[in-house]
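Please look through the sequence and the 3D structure below before reading on. The report that follows is meant to be read beside them.

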Amino acid sequence: MITLEDKLDIFYKVVFKEEETKCKKLLEELEFKNNSILEEKKIELEKKKKEIIERKRILAEIQKNEMVSKAVGESRGKILEKREEVLRDLISSLEDRARKFVLSSDYEGYLLNKIVQIIREVSEKEIIISITEMDKERFEDFILDIGKENNKDISLNLISPDIIGGFTLSDKDRSYNLDNSFKTIIEENKYLIGKRLYSSLEKTGGLNG
């Protein structure tokens, strides 16, 4: 015969067993969930770690490229600056040679031949020729005589000695101006002079950094 105590004992065993099973299942679920969360966090942290490393790598690469670019830019700037300096020296040297030529015996023949050539080419009867004061003192009579021989009424004007040598010619209304001064000839050919200079420097390996 089952006593009351037996019944209570059976009840507690059943209830506790059921609760124990529930607790065990709950613990297993919690453990699984915690493991899943931990795994997700590990994956997330690993991903962030890789992202940080990649960002640092990219940043380092960018900084390196910027440094290289800056160094290359500075080097090119120095080369260009040096080339410009060499070109300025060359232009200055050409101007010095032109000044020496103006003082030479060959200059008279050059200048007068150029003036005669242009006097004969222009159609206007009245023209203005501008030359330096030194050239006017030396060649005024000859230029005026050449004008008369070619039926030209020539007015001689003074021009700044900055032109170095040569002359300018225009009609009486100054509707055009033919500039044959040495200063202008050198300036107008500056690009070609520079191009040839740089080409020569590149061939010889000069100023390549």
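Residues are numbered from 1 along each chain as its sequence is written, and side-chain values use heavy atoms, with hydrogens and water left out.

The score called pLDDT is the predictor's confidence in each residue, from 0 to 100. Its average over the protein chain is 84, and 84% of the residues score at least 70. Among the elements of the chain, strand 1 has the highest mean pLDDT, 96, whereas helix 1 has the lowest, 77. Where pLDDT is low, the predicted coordinates should not be read in detail.

The protein chain holds five helices and four strands, where helices (H or I, at least four residues) and strands (E, at least two) are DSSP runs numbered from the N terminus. Along the sequence these elements follow the pattern α-α-β-α-β-β-β-α-α. Of the 209 residues, 23% are buried; buried means under 20% relative accessible area, exposed over 50%, and partly exposed in between, with a 1.4 Å probe and protein chains only. The chain exposes about 15900 Å², of which carbon and sulfur atoms supply 55%. A contact means heavy atoms within 4.5 Å, and among contacts between residues at least 6 apart in sequence, 73% join residues at least 24 apart.

A nonpolar core is a set of buried Ala, Val, Leu, Ile, Met, Phe, Trp, Tyr and Cys residues joined through side-chain atoms within 4.5 Å. The largest such core has 29 residues, of which Ile-129, Ile-143 and Phe-167 touch the most other members. Elements that each supply at least two residues of this core include helix 1 (4-102), strand 1 (126-131) and helix 5 (190-204), and the largest share, seven residues, comes from helix 2. Leaving aside residues up to four places away in sequence, Ile-143 touches Leu-112, Ile-115, Ile-129, Ile-131, Ile-154 and Leu-156.

| Helix | Buried residues |
|---|---|
| Helix 2 | Tyr-107, Leu-111, Leu-112, Ile-115, Val-116, Ile-118, Ile-119 |
| Helix 3 | Asp-135, Phe-139, Ile-143, Ile-146, Gly-147 |

The cover over the buried residues of helix 3 includes helix 2, strand 1 and strand 2. The expected span of a helix is 1.5 Å times one less than its number of residues. Helix 2, with 17 residues, reaches 26 Å from its first C-alpha to its last, close to the 24 Å expected. In helix 3, the 17 residues should span 24 Å, which agrees with the 24 Å between its end C-alpha atoms. Helix 3 also bends by about 70 degrees at Phe-139, where the bend is the angle between axes fitted to the seven residues ending at a residue and the seven starting there.

Most residues other than glycine have a negative phi, and most peptide bonds are trans. Asn-151, in the loop between helix 3 and strand 2, has a positive phi near 55 degrees and is exposed, with a relative accessible area of 58%. Ile-164, in the loop between strand 2 and strand 3 (168-171), has a positive phi near 75 degrees, but counts as buried at 9% relative accessibility.

Key
This is a predicted model: local features need pLDDT of at least 70, side-chain atom pairs count only at pLDDT 80 or more; totals for chains, interfaces and linings use all residues. Accessible areas come from the Shrake-Rupley method with a 1.4 Å probe; for residues, only the protein chains shown count as cover.
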